[in-house]
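Subject: Structure handover

Hello,

Here is the structure I promised to pass on. Please open it first, then read my notes below.

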Amino acid sequence: MSKFQKKRGKSSPAISTASLPDIIFMLLFFFMVVTVLRDSELKLKIVTPQATELTKLEEKSLVNYLYIGRPLERFQEEYGTAPRLQLNDKFSTVNDIPVFLEQHKVKVPEKKRSRITSSLKVDGEVTMGIVQDVKTKLRKSGQLIVNYSAKQKSD
Amino acid sequence: MARSSRSRMSNEINAGSMADIAFLLLIFFLVTTQIVEDKGIRVALPPWSEEEPDITKLKTRNVFSVLVNAQNQLLVRGEIASIDQLRERAKEFIANPTKREDLSESPKKAIISLKNDRGTNYKTYLSVYNELKAAYNELWNEESLRMYGKPYSDELPLSMRKAVREKFPLVLSEAEPTAFGEE
């Protein structure tokens, strides 16, 4: 018995942390794989509605996002409370959509351009007027694959 | 004495700071990323054309009209209805299992016409759309089980999915909305 104790006491007193980096790297890679870089800061309040018939968006690089909702409180003084459209980082109007789509399109390889999807992230409380305007503009710009972003309904 | 024991122990590279570096990277990624949960209802919009599609040529029995007004009320084929009934009614209309005179002649001829107001809530619009899509999804699922014994899903080969969809083609026409309740 005493033999064991002696040996233990003499060798390394600290816990080996050699494997700690590996563990952290594992976590790091996990997060890198499951997440995407945040591309724009939301200036609108958006709570997407719930639905059941959902499809997952596959390739993130083929998706562009259009946000529709009411401005957040700190932007209300400047932009009012009426529902607005946000493209990338700024408040936009419907007329900015073609340029926005074109900017995204040039980043996509030509082969995949037919699969570009526009994801509409729309607040549930917004009325259809502005959504309709956006849809019409998308149709006029030839962007026909649209995804109405929604959450899975939990029942 | 202490010195010699130290030099004997550290015959490998000190990797203590590796953890800190990795932590730094990890925290950077945690802050700059968001966990994606982008799911949604996929829709194929019709190409833009100047003139409105004429649906007056179609037989009334083949058209399942759904109107949503600015008060988020539903009018299905001329009667007031609620969203809960929509799925069942749409399914019955499309498949018409009892061969009723007032429902669609065949699933291939069935057309769903959706019209909303500019003042309709997006939430209501989406749940109506969701129910109509669910009706088709359920029909596809039933047909797929009958034909292949497998549920309709992404795992089913594309040719089989196409065959199922051809039996119940999804035709959802959206009319230009009315503008009574615009805020």
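Buried area is the accessible area, taken with a 1.4 Å probe, that two parts lose on being put together, summed over both. Keep in mind that this is a predicted model.

The interface first. Chain A and chain B bury about 5,000 Å² between them. Carbon and sulfur atoms carry 60% of that area. Three residues of chain A stand out here: Glu53(A), Arg139(A) and Tyr148(A). They supply 15% of the area that chain A buries against chain B, more than any other three residues. By contacts, 56 residues of chain A touch 48 residues of chain B.

There are 3 salt bridges between the two chains. In one of these, Lys123(B) pairs with Glu125(A). Their closest N and O atoms are 3.0 Å apart.

Now a helix pair within chain A. Helix 4 of chain A covers residues 97–105, and helix 5 of chain A covers residues 128–140. They pack at an angle of about 55°, with their axes 10 Å apart. That angle makes helix 4 of chain A oblique to helix 5 of chain A. The crossing is right-handed.

Which residues meet where helix 4 of chain A packs on helix 5 of chain A? Helix 4 of chain A brings Ile97(A), Pro98(A) and Leu101(A). Helix 5 of chain A brings Val134(A), Lys137(A) and Leu138(A). Of the residues in this contact, 5 are nonpolar, 1 is charged and none is polar.

Best wishes

Note on methods. Residues are numbered from 1 along each chain as its sequence is written. Chains are lettered from A and ligands numbered from 1 in the order in which they are written. This is a predicted model: local features need pLDDT of at least 70, side-chain atom pairs count only at pLDDT 80 or more; totals for chains, interfaces and linings use all residues. Side-chain values use heavy atoms; hydrogens and water are left out. Axes are lines fitted to C-alpha atoms, for helices over the stretch in contact, and angles run from 0 to 180 degrees between N-to-C directions. Helices (H or I, at least four residues) and strands (E, at least two) are DSSP runs, numbered from the N terminus. Angles under 35 degrees count as roughly parallel, over 145 as roughly antiparallel, 65 to 115 as roughly perpendicular and the rest as oblique. A crossing is left-handed if the near helix is turned anticlockwise from the far one by less than a right angle, and right-handed if clockwise. Contact means heavy atoms within 4.5 Å. Ala, Val, Leu, Ile, Met, Phe, Trp, Tyr, Cys and Pro count as nonpolar, Asp, Glu, Lys and Arg as charged, and the others, Gly among them, as polar. A salt bridge is a side-chain nitrogen of Lys or Arg within 4 Å of a carboxyl oxygen of Asp or Glu.
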